[in-house]
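Thanks, everyone. I will go through one structure this morning, starting with the ligand site and then moving to a helix and some aromatic pairs.

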Amino acid sequence: MTSVPARAALKKYFGYDDFRPLQQAIIEHVYAGKDGIVLMPTGGGKSMCFQIPAVTMTGTAVVVSPLISLMKDQVDGLRAVGVRAAFLNSTQRGSESHEVEQAYENGELHLLYVSPEKLLSSGFFTFLRRRRVCLFAIDEAHCISAWGHDFRPEYTRLRQLKQAFPNVPVLALTATADRLTRRDMAEQLGIADAQQFIASFNRPNLRLEVRPGQKRREQIVRFLRDRPQQAGIIYCLSRKQTEQLSEKLREAGYRSEAYHAGLTADRRAKVQSDFIRDKTLIVCATIAFGMGIDKSNVRWVIHYTMPKNLENYYQEIGRAGRDGTDADTLLFYSYNDYLTLKDMISGSGNAEIQLAKLDRMKEYAESLACRRRILLNYFSEDHGEDCGNCDVCANPPERFDGTVLAQKALSAVARLRESTGIGLTIDILRGSGRKDVLANGYDQIKTYGAGRDMSTYDWSQYFGQLISLGYLYVAHEDFNKLRLAPAARRVLFEGETVELVKFQTIRDRKQAEESQTAKRAAAPRSRNSLFDVLRELRRTLAREASIPPY
Ligand code: ADP
Ligand code: MG
């Protein structure tokens with residue numbers, strides 16, 4: 001088959017004129033009977049890669065999807081445009097599934113969506129052999145890998161597929177997989193040598209911003225005030241956090257709901273559909289929210305706490321701005337959050353890999369370089385230049401000679417014989433008169449009170465930087481006590497200087513924002529400047545250009 005019927009089908013069923021980058025190549029790859037791995041960001045158009053083969057090839061395309069709750073919607077959507085689609089999963093009544101099976105056997109189906117459990121249930125392969133399968137598409141294929149973030153044990157048995165149907169092409173599709181996960185995924189599916197199609201992950205319309213996690217609620221309220229009537233998602237770490245935050249936002253007059261896995265299925269479905277239909281403006285959610293959510297006008301995503309890895313983060317911010325217009329993302333970060341996550345992960349399976357991923361997430365949050373470059377690098381994509389649409393690009397960090405500050409911090413750790421964690425070390429530096437500080441004689445130490453001039457919060461930021469720079473490390477196996485790294489010696493005894501980044505406090509930010517607002521307010525006074533005339537002209541032209549031709 002050539003690409004002509006593919007393009008015709010794209011127009012006929014979906015009304016689009018052109019394929020997006022890679023779609024056509026992937027479709028032709030399937031036509032050639034070959035296996036493939038498709039890595040495209042959320043909203044990138046993965047479905048088309050199996051839907052077009054489904055409607056143009058002889059036989060039925062079987063789509064394995066873990067998103068049972070969305071199967072019906074997807075199938076309804078396809079039917080509405082004339083695609084003969086159906087689904088089989090555990091939520092159906094016997095009569096319903098019987099009807100679908102009949103349709104398959106009669107060769108009436110372009111597409112059959114199945115849950116992994118259904119696919120691997122006994123006798124199902126035999127049933128499929130009664131007719132012809134032209135393609136197996138494994139959607140959300142990262143679920144097969146324990147290294148991915150939504151591991152589904154039932155997915156691991158999908159390796160049987162290639163063995164049972166060696167001649168049917170397998171297409172594994174996912175939006176989130178680093179190199180390691182991708183390789184694992186392909187190996188497990190028995191298609192290790194399959195060609196990989198990797199679309200650009202860059203979403204230039206997403207503005208990236210990280211702020212210190214200080215007075216978060218206050219910051220959120222200010223953020224929302226600037227964005228009236230815009231839909232958004234706030235990702236939280238715990239169920240309780242989603243409920244408390246949502247409650248606060250409701251008190252502040254926002255249409256907000258909490259969403260997490262502890263709610264009933266009905267309740268979750270209701271929150272989800274109210275959000276999609278713009279009845280709820282804000283959802284405060286755990287990571288349970290969002291996989292497969294198709295809402296194009298999410299204008300912002302906030303991370304109340306840092307996700308465990310950059311894949312989750314990217315997936316979650318990727319739910320904003322799917323319509324291609326500007327959207328804001330905001331991540332709150334504190335070193336304490338990092339420690340909390342570290343503790344959570346340490347007890348889990350394959351902690352080593354997860355911890356390494358968490359460290360990459362932290363490096364991103366602490367980055368002093370263009371954030372988009374870091375993010376895209378993580379997905380093996382070299383962006384080449386600074387993006388100009390992240391907070392670091394917008395406001396390059398100011399550096400200063402932090403040698404004296406570093407010396408205070410490092411000598412405090414040395415004098416405390418590396419026996420204290422960050423919190424207590426800071427208290428001692430700041431000369432806290434707390435009982436336990438005094439009782440332990442910490443006030444007798446030479447650096448006691450040497451750091452009175454800075455707030456606890458600022459200190460913890462600078463300690464974070466000293467850790468990132470490799471002067472200190474945290475002994476996680478020993479109550480998170482601070483230890484001196486070899487580099488600390490050079491600062492303490494060999495005169496090495498330390499360059500730190502000026503940490504912006506909330507107050508600094510408020511001042512910067514206020515001066516911007518003031519500038520904006522002052523702008524109309526210069527109304528008749530040439531600049532304004534030109535701007536007005538440009539607006540008029542843009543308006544006229546967007547009027548559709550008759
Ligand atoms: P993914 O599964 O990669 O997250 P989808 O397959 O759900 O993304 O597609 C996202 C949106 O992009 C859908 O609304 C789809 O109709 C649209 N889309 C896909 N391919 C094209 C195309 N070639 N031209 C225009 N829109 C497209
Ligand atoms: Mg999809």
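Before the details, note that this is a predicted model. I start with the contacts to ligand 1. A backbone N or O atom of glycine 45 sits 3.1 Å from an oxygen atom of the ligand. Serine 47 reaches an oxygen atom of ligand 1 through a polar side-chain atom, at 2.6 Å. Aspartate 18 uses its backbone: an N or O atom there is 2.8 Å from a nitrogen atom of ligand 1. As for cover, ligand 1 on its own has 570 Å² of accessible area, and the protein covers 75% of that.

Now the shell as a whole. There are 13 residues around ligand 1, and the ones that come nearest are Tyr16, Asp18, Gly43, Lys46 and Ser47. Sorted by class, the shell has six polar, four nonpolar and three charged residues. Which helix gives the most to this shell? That is helix H3, residues 46–56, with three residues.

Next, helix H10, which spans residues 216–225. Its buried residues include Arg216, Gln219, Ile220, Phe223 and Leu224. How do they sit around the axis of H10? Looking down that axis, the buried residues fall within an arc of 135°, so they line one face of the helix.

Last, the aromatic rings. Searching the whole structure gives 13 aromatic pairs. I will show two of them.

In the pair of tyrosine 104 and phenylalanine 127, the ring centres are 5.0 Å apart and the planes are at 45°, so this pair is tilted. It links distant parts of the chain: tyrosine 104 is in helix H5 (residues 94–105) and phenylalanine 127 in helix H7 (residues 124–129), 23 residues apart. Are these two residues buried or exposed? Both tyrosine 104 and phenylalanine 127 are buried.

The other pair is phenylalanine 125 with phenylalanine 165. Here the centres are 5.4 Å apart and the planes at 80°, so the pair is edge-to-face. Phenylalanine 125 belongs to helix H7, while phenylalanine 165 is in the loop between helix H8 (159–164) and strand S6 (170–174), so the pair ties together parts 40 residues apart in sequence. Phenylalanine 125 and phenylalanine 165 are buried as well.

One more item on the rings: Tyr104, Phe124 and Phe127 are linked by ring pairs into a cluster. That is what I have for today.

Terms used. Residues numbered from 1 in each chain as written. Chains lettered and ligands numbered in written order. Predicted model: local features only at pLDDT ≥ 70, side-chain atom pairs only at ≥ 80, totals over all residues. Heavy atoms only, no water. Near = heavy atom within 4 Å. Polar contact = N/O pair within 3.5 Å; in protein donor to acceptor, adjacent residues only side chain to side chain. Areas by Shrake-Rupley, 256 points an atom, 1.4 Å probe, with all protein chains shown as cover. Helix = DSSP H or I, 4+ residues; strand = E, 2+ residues; numbered from the N terminus. Nonpolar A, V, L, I, M, F, W, Y, C, P; charged D, E, K, R; others polar. Buried < 20%, exposed > 50% of the residue type's maximum accessible area, 1.4 Å probe, protein only. Arc of directions from axis to C-beta. Phe/Tyr/Trp six-rings, centres within 6.5 Å; stacked < 30°, edge-to-face > 60°.
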